[in-house]
Amino acid sequence: MSITAAQVRGARAMLAMHQADLAKAAGIGRSTLATFEIGETSPHPSTLERIQTVLEDAGATFIETDVGVGVLIGR
């Protein structure tokens with residue numbers, strides 16, 4: 001499953017994580033993350049994977065159901 005910009009924004013908000021913190025942890029520029037989150041760009045799959053890994057390590061679980069996608073927080 002490829003995560004969406006909305007899922008990233010939601011996970012960051014629920015984890016109280018700033019864009020700069022996520023970008024640094026994922027090894028990407030903050031502008032790369034910002035433009036993805038507002039739908040201007042679609043990062044390389046390996047970049048999305050790094051973003052997802054950082055958020056999952058912080059407690060996010062990305063879900064996909066027959067009615068849509070989402071994110072849960074908890075360990």
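## Figure legends: views of a predicted chain

**View 1. The elements follow the order α-α-α-α-β-β from the N terminus.** The model is predicted. Four helices and two strands make up the set of elements in the chain.

View 2. Along the principal axes, the C-alpha atoms fill a box of roughly 30 × 25 × 20 Å.

View 3. Of the contacts with a separation of 6 or more, 52% join residues 24 or more positions apart. Buried residues account for 37% of the 75 residues.

**View 4. The surface and its charges.** The chain has an accessible surface of about 4,400 Å². Carbon and sulfur atoms supply 53% of that surface. There are 6 positive side chains and 8 negative side chains. The centres of these two sets lie 10 Å apart.

**View 5. Alanine 58 sits in the loop between α4 and β1.** Helix α4 covers residues 45-57, and strand β1 covers residues 60-65. Is alanine 58 buried, partly exposed or exposed? Alanine 58 is partly exposed, because its relative accessible area is 24%, and the partly exposed class lies between under 20% (buried) and over 50% (exposed).

**View 6. Alanine 58 and alanine 11, seen as a pair.** In sequence, the two are 47 residues apart. In space, their C-alpha atoms are 9.4 Å apart.

How values were computed:
Residues numbered from 1 in each chain as written. Predicted model: local features only at pLDDT ≥ 70, side-chain atom pairs only at ≥ 80, totals over all residues. Heavy atoms only, no water. Buried < 20%, exposed > 50% of the residue type's maximum accessible area, 1.4 Å probe, protein only. Contact = heavy atoms within 4.5 Å. Areas by Shrake-Rupley, 256 points an atom, 1.4 Å probe, with all protein chains shown as cover. Lys, Arg positive; Asp, Glu negative; His and termini not counted. Charge placed at Lys NZ, Arg CZ, Asp CG, Glu CD.
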